[in-house]
Amino acid sequence: MDKVHLQSQGYTAAVTHHGAHLISWRAPDGQELLFLSKNAIFAPPKAIRGGTPVCFPQFGMLGPLPTQHGFARNKGFVLEHKTESSCTMSLAYDGQGGAGTFPHPFTLHVTTSLEGATLTQELKVSNTGSNAVPFTAALHTYYRVGDISQTRVEGLKGVSYRDNLQQLKEEQEVQDTIRVEDEIDRIYVNAPSSIKLVDEAGKRQLSIEKSGFPDAVLWNPWIAKAKGMADFGDDEYKEMVCIEPAVAISGPVKLDPGATWTAKQSTTVSQL
């Protein structure tokens, strides 16, 4: 599968043309910072399990498309620009696909860049049609952790969330520190711009900064769901967690003709 390699100050990354999908982010010591399943299938148009799938023009089932997470992650992108530490890929959509359920032309640019210990991913959407484009979106980022039982997520106390395991029941986060001890699938609504992932077993922390994405998703499939996914190892839930900046429950973006929307996340790794 065609891919682009990036590097900055000993950190490296790899992005596939298929889906503009970030599949690797490594520290100078060789440690992989993203989770990519050992069972991931590299066979377009199949989406890749792990890394950072680009969910567009729909997150989950929040939109008119009949399948989860839109179609951008299943399409081939064109490499528009590359330097040693960054690349921009684009997808031009004419409104004719999506089984007739998304008749809205757009161009999507995905830029991935490294600056030392910081990885930045940016989505830029331009409405190339004559009517407003409604969409939801996410950067479905899979982070690798040493041991999920020694992992904590911080920065979400007091934030309302919708629980996908309880038919989107509304709850409020009461914990200063969230530990994943079972299946979790939550959409935090109007989440703060800063979230921290602390990987005690891996002796590192990831500081996640988002802008343009109002929401944030926290997901781990746990035991039963992991066993039900052909492209995910039965025990791999122990070594990953997804924290995803998203346009989701807050409502879709409605992008006017000729307008452009931009959102991004920057993740910085540091040692504990």
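In which sense do strand S17 and strand S18 pair, and over how many bridges? The first legend below answers this for the predicted model.

**Figure 1. Strands S17 and S18 form a hairpin.** Strand S17 covers residues 194-199 and strand S18 covers residues 204-211. The two strands pair in the antiparallel sense, over 6 bridges. Between S17 and S18 there are 4 residues, and Lys203, in the turn, has a positive phi of about 55°. Leu197 stands opposite Leu206 in S18.

**Figure 2. Strand S18 is also joined to strand S22.** Strand S22 consists of residues 260-271. S18 and S22 run antiparallel, with 8 bridges joining them. Ile208 stands opposite Thr267 in S22. Glu209 has Ser266 in S22 as its bridge partner.

**Figure 3. Nine strands make up an open sheet, a sheet of 9 strands with antiparallel pairing.** The order of the strands is S5-S6-S7-S8-S22-S18-S17-S12-S15. Which strands are at the edges, pairing on one side only? These are S5 and strand S15, the latter covering residues 177-179. Ignoring direction, neighbouring strands of this sheet are turned by 20° against each other on average. In a regular strand, side chains alternate between the two faces of the sheet.

**Figure 4. An open sheet of 3 strands has the order S1-S2-S3.** The pairing in this sheet is antiparallel. Strand S1 (3-8) and strand S3 (21-26) are the edge strands, and each pairs on one side only. From one strand to the next, the twist averages 15°. Strand S2, made of residues 11-16, is joined to S3 by 5 bridges, and S2 and S3 run antiparallel. The bridge partner of Thr16 in S3 is His21.

**Figure 5. Phe56 and Phe135 form one of 15 aromatic pairs.** The rings of Phe56 and Phe135 are 4.9 Å apart centre to centre, with 55° between the planes, and the pair is tilted. Phe56 lies in the loop between strand S4 (54-55) and strand S5 (78-82), while Phe135 lies in strand S9 (residues 133-135), so the pair ties together parts that are 79 residues apart in sequence. Both Phe56 and Phe135 are buried.

**Figure 6. Phe71 and Phe102 form an edge-to-face pair.** The ring centres of Phe71 and Phe102 are 6.3 Å apart. Why is this pair edge-to-face? The planes of the two rings are at 75°, so the pair is edge-to-face, because planes over 60 degrees apart count as such. Phe71 is in the loop between S4 and S5, and Phe102 is in the loop between strand S6 (86-93) and strand S7 (106-115). The pair links distant parts of the chain, 31 residues apart. Phe71 has a relative accessible area of 10% and is buried. Phe102 counts as buried too, because its relative accessibility is 1% and the cut-off for buried is under 20%. Ring pairs link Phe71 and Phe102 into a cluster with Phe56, Tyr93, Phe106, Phe135, Phe213 and Trp261.

**Figure 7. The largest nonpolar core has 70 residues.** Which residues have the most contacts inside this core? They are Trp25, Phe56, Phe106, Leu108, Phe135 and Trp261. S20 gives the most to this core, with 5 residues. Not counting residues up to four places away in sequence, Leu108 touches Val54, Phe56, Ala72, Phe77, Met89, Ser90, Leu91, Leu123, Lys124 and Val125. Another core, of 7 residues, lies apart from the largest one; among its residues are Cys55, Phe59, Ala246 and Ala248. In soluble globular proteins, nonpolar side chains tend to be buried together.

**Figure 8. Asp231 lies in a loop.** The loop runs between helix H1 (222-227) and strand S20 (240-247). Is Asp231 buried or exposed? With a relative accessible area of 6%, Asp231 is buried. The side chains of Asp231 and Arg49 are joined by a polar contact of 3.2 Å. Leaving aside neighbours within four places in sequence, Asp231 is in contact with Ser37, Asn39, Ala40, Ile41, Lys46 and Arg49.

Terms used: Residues are numbered from 1 along each chain as its sequence is written. This is a predicted model: local features need pLDDT of at least 70, side-chain atom pairs count only at pLDDT 80 or more; totals for chains, interfaces and linings use all residues. Side-chain values use heavy atoms; hydrogens and water are left out. Buried means under 20% relative accessible area, exposed over 50%, partly exposed in between (1.4 Å probe, protein chains only). A polar contact is a pair of N or O atoms within 3.5 Å; within protein, one must be able to donate a hydrogen and the other to accept it, and residues adjacent in sequence count only if both atoms are side-chain atoms. Contact means heavy atoms within 4.5 Å. Two strands pair if DSSP finds at least two bridges between them. Rings of Phe, Tyr and Trp (its six-membered ring) pair if their centres lie within 6.5 Å; planes under 30 degrees apart count as stacked, over 60 as edge-to-face and the rest as tilted. Axes are lines fitted to C-alpha atoms, for helices over the stretch in contact, and angles run from 0 to 180 degrees between N-to-C directions. A nonpolar core is a set of buried Ala, Val, Leu, Ile, Met, Phe, Trp, Tyr and Cys residues joined through side-chain atoms within 4.5 Å.
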